[in-house]
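Good morning, and thank you for coming. Please look at the structure that I am about to show, and keep it in view while I speak.

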Amino acid sequence: MNKESEKYLKEGRISFVSADRIEERYVFLFTDTILIAKEKALNTFCLKEKMHLKDIWISEKGMESISDCFRRSDSCFIIGWPGKNFILEFSCPEEKNNWLAILKTSILHEKLKERPRKALVTVQFASADETWSKELLIDNLLTSSDLIKELSYDFHLSDTDSLQLFYTTEQHTTPVPLEDFEIPYEFYISDLKSLYQSSNSLSDCNDSVRKRRFGSGIFLLKPKIDNARNRRTASSYASQMIIHWKKKSNNYNKHVGSLQFRRQGKFFGKPLATMVTDQTMCPMLEKIFDHLYKSGITTEGIFRKPPKQITFREVREQIDAGIDVNVDRLSPTVSASLLKEFLRLLPDSLFTSSCLDKWLSLSLLTDNYTKLQTAQKLISNLPAANKFLLNNLMCLCYCIVENCAANHMDSYSLSICLGPGLFHPAKQNTNLCTVNARRIAEVTKFIIDNVNTLFENAIRIFIGKSSDVRKLCSDNEHQNDTHESNQKQILAL
């Protein structure tokens, strides 16, 4: 940050929820800017978004219109800007309230400093008999819901709950539905900014001249649509965020189309029964697990932090070609990503797609004893190969959670990272997007939290066989104390 007015306020890890996706991000908050980054390694970040606080909005209401993947509404709130909305999910209500308070204060301060704070816009309302049009000034604090109430008075409308505000332009005729908490002013100004990119005359124009020369966007008051969020994703609104999302979607479709080719390899995408029996795993899978046990369970962000992609792709191709790769010389994050890729590309998921609904129904049960009994029954009905691999995976998760102070990966973090690969439906007959990400995370977390009960024999046998892992788990508290002591010494210097 170069400007003296920009001061650091706060930072931290936050879960960003959008549609059916949950992503971990690291957020840096300054007095007038928010930076949203992906954590690549210790003190290394990849910037994903940079937004001025005057351009964004926050809300504690309307989360159901964004996604159903969040867990606790008292630990969440919405942050958004034209073209994008996220639900921010925190570990506890106290942390959420802390972030919400400082964001509210900072955003309000920046919006009050903005010049101009108002814009002259056109709103149209079409009734059964005629179409009405009105020009009015809107400011940068007025929400869509507030504007609808104001317009209902001018147009003598009574049922405001059935109405919704839309935004459209001459260049992009598909109207964009606005949620109640969104700020129409920001959509209009964002559209103006995109039109001004090729013009240097912004400072020479007053508000009315700007509108006549450049502003083509108008707001429409129409009956509310139930699937507003889905319509918005598919709209052609000229937002960089939506264009970026479409590009990512196209790349994902190409990636999915190429999976069939990779499934012809010797490791990824093969039926589990050909890679695992009820007693043994294939040599390559054994090596990946051994590497993770030796080096991965104390690696910070294991299963969350991605490896260097060039290295990962090279190793993946070598393994799929049948080459014996020495994974011990690689970063544990490579082995973690290889295991996630192996699970994700199985023709049928580790928990089997035929029982997918039964597994996800665990999230609806409130009695813990009933949930445990149901889960134990479902595990006992798994094929022998699935059960053996699941036992090994849960032993690994057990060791990772035992060392969460060192690796910063608790059961919730593991559930976000591993859940989609464990519960994906059969690729040949089910759309991936139909699976509820929130329920998958809840069930995965429940299984990991109760690993000692659900996999008691496997844990006992594994710990008995592996003195190294047993020592890691038993000495975990001592290691954490040493780590904290070293940190204090460094800070003292």
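At what angle do helix 9 and helix 14 pack, and how far apart are their axes? Helix 9, residues 332-344, packs against helix 14, residues 411-422, at an angle of about 35 degrees, and their axes are 7 Å apart. The axes here are lines fitted to C-alpha atoms, for helices over the stretch in contact, and angles run from 0 to 180 degrees between N-to-C directions. Helices (H or I, at least four residues) and strands (E, at least two) are DSSP runs, numbered from the N terminus.

Before I continue, a word on the basis of these values. This is a predicted model, in which local features need pLDDT of at least 70 and side-chain atom pairs count only at pLDDT 80 or more, while totals for chains, interfaces and linings use all residues. Residues are numbered from 1 along each chain as its sequence is written, and side-chain values use heavy atoms, with hydrogens and water left out.

Let us return to the two helices. On the side of helix 9, K340, L343 and R344 take part in the contact, and they meet C417, L418, G421 and L422 of helix 14. Contact means heavy atoms within 4.5 Å. By class, the residues of this contact are 4 nonpolar, 1 polar and 2 charged. In this scheme Ala, Val, Leu, Ile, Met, Phe, Trp, Tyr, Cys and Pro count as nonpolar, Asp, Glu, Lys and Arg as charged, and the others, Gly among them, as polar.

Now the chain as a whole. The protein chain has 19 helices and 12 strands. Of its 493 residues, 49% are buried; buried means under 20% relative accessible area, exposed over 50%, and partly exposed in between (1.4 Å probe, protein chains only). Among contacts with a separation of 6 or more, 65% are between residues 24 or more positions apart.

I turn next to charged side chains. Side chains of opposite charge can pair when their charged atoms come close. How many salt bridges does the structure hold? There are 14 salt bridges, each being a side-chain nitrogen of Lys or Arg within 4 Å of a carboxyl oxygen of Asp or Glu.

Consider R304 and E39, whose closest N and O atoms are 3.4 Å apart in a salt bridge. R304 lies in the loop between helix 7 (283-296) and helix 8 (309-320), and E39 in strand 3 (residues 33-41), so this pair ties together parts that are 265 residues apart in sequence. R304 is buried, at 16% relative accessible area, and E39 is buried too, at 8%. Both belong to a network of salt bridges that links R13, E39, E300, R304 and K305.

A second salt bridge joins R316 to E341, with the closest N and O atoms 3.1 Å apart. R316 is in helix 8 and E341 in helix 9, 25 residues apart, and the pair links distant parts of the chain. R316 is buried, with a relative accessible area of 11%, and E341 is buried at 8%.

D449 and K445 form a salt bridge, the closest N and O atoms being 2.8 Å apart. They are 4 residues apart in helix 15 (residues 437-449), so about one helical turn separates them. D449 is partly exposed, at 44% relative accessible area, as is K445, at 23%.

Aromatic rings are my next topic. Rings of Phe, Tyr and Trp (its six-membered ring) pair if their centres lie within 6.5 Å; planes under 30 degrees apart count as stacked, over 60 as edge-to-face and the rest as tilted. By this rule the count comes to 18 aromatic pairs. F351 and W359 form an edge-to-face pair, 4.5 Å centre to centre, with 65 degrees between the planes. F351 also pairs with F423, and this pair is stacked, at 4.4 Å centre to centre and 5 degrees between the planes. F351 lies in the loop between helix 9 and helix 10 (356-360) and F423 in the loop between helix 14 and helix 15, so the pair ties together parts that are 72 residues apart in sequence. F351 and W359 are both buried, and F423 is buried as well. Elsewhere, W57, Y167, F187 and F219 form one aromatic cluster.

Finally, where is T352 placed? T352 is in the loop between helix 9 and helix 10. Although T352 is not a glycine, it has a positive phi of about 65 degrees. T352 is buried, at 10% relative accessibility.
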